[in-house]
Amino acid sequence: MIVGLAKNGYAEDALRVFWDMTKNLNNVVVPDDVTFLGVLTACSHAGMVSEGRQIFNLMVNQYEIQPRIDHCACMVDLLGRWGFLEEAEEFISTFNLESDAKIWATMLGACRTHGDEGRGQRAAEKLIELEPQNSSPYVLLSNIHAASGNWDEVRSLRRSMKEKGVKKLPGCSWITVGQTTSFFVAGEISHSRAGDIGSALRDLMALMKDLCDIDSFYNVEDLSSG
């Protein structure tokens, strides 16, 4: 029930059921590791940081349940999602989680959300060390630098990806107009109206140039061919 409530956005109800369970004097139903994962997830999604800390400590100290990597990732997500990045980093160190890619991916995502370049850099370096061919840390860190206007670092990351042969999976999208569905894949120029698309993109790029230097990162010339 707790897991179901947590997954469907009923965080307060999930916590109410959990606290009722812990008050069961006869210990007929005792929370297990799955129960704690569900209630920690509820706390993370609802921003209940203090409750999440309390419940994690209860799991470890009172119920003596050894936290799995999922519990730890949930705590890093809870702390990072709601801006407690320093505490999240300390949590990773305290529980010796430096060798787990899932933890660093969660931390990096939180740094992206809050624009923390320093911690984002450290998280990305750890993730790249663990998964050298994963493009995600490069992309997320590039977004962090771009949001801060640090375009030199963005260029450096792109060069590093190219030198190491790291490939980013192309994005795709589609749109249905009338009875026709058109698919678009990043880097693909086979669309029958690629020339018109390229022209529209260049017009948009011209409008964006007043905001930042984007010429080094996007090239739409190929779209005008054909």
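**Figure 1. Asparagine 96 sits in the loop that links helix 6 (85–94) to helix 7 (101–114).** Helices (H or I, at least four residues) and strands (E, at least two) are taken as DSSP runs and numbered from the N terminus. This is a predicted model, in which local features need pLDDT of at least 70, side-chain atom pairs count only at pLDDT 80 or more, and totals for chains, interfaces and linings use all residues. Residues are numbered from 1 along each chain as its sequence is written, and side-chain values use heavy atoms, with hydrogens and water left out. Asparagine 96 has a positive phi of about 50° although it is not a glycine, whereas most residues other than glycine have a negative phi. With a relative accessible area of 60%, asparagine 96 is exposed (buried means under 20% relative accessible area, exposed over 50%, and partly exposed in between, with a 1.4 Å probe and protein chains only).

**Figure 2. Glutamate 64 lies in the loop between helix 4 (49–62) and helix 5 (69–81).** Glutamate 64, which is not a glycine, has a positive phi of about 55°. Its relative accessibility is 67%, so glutamate 64 counts as exposed.

**Figure 3. The largest nonpolar core has 50 residues.** Such a core is a set of buried Ala, Val, Leu, Ile, Met, Phe, Trp, Tyr and Cys residues joined through side-chain atoms within 4.5 Å. Ile55, Phe91 and Met107 are the residues with the most contacts inside this core, where contact means heavy atoms within 4.5 Å. When its neighbours within four places in sequence are left aside, phenylalanine 91 is in contact with Phe56, Cys72, Met75, Val76, Leu79 and Leu97.

**Figure 4. Helix 9 (residues 136–147) packs against helix 10 (residues 151–164) at an angle of about 165°, with their axes 8 Å apart.** Axes are lines fitted to C-alpha atoms, for helices over the stretch in contact, and angles run from 0 to 180 degrees between N-to-C directions. Helix 9 and helix 10 are therefore roughly antiparallel to each other (angles under 35 degrees count as roughly parallel, over 145 as roughly antiparallel, 65 to 115 as roughly perpendicular and the rest as oblique). The residues that make the contact include Tyr138, Leu141 and His145 of helix 9, together with Trp151, Val154, Leu157 and Met161 of helix 10.

Figure 5. In the model, the end C-alpha atoms of residues 134–168 lie 8 Å apart, and the span is 74% helix and 0% strand.
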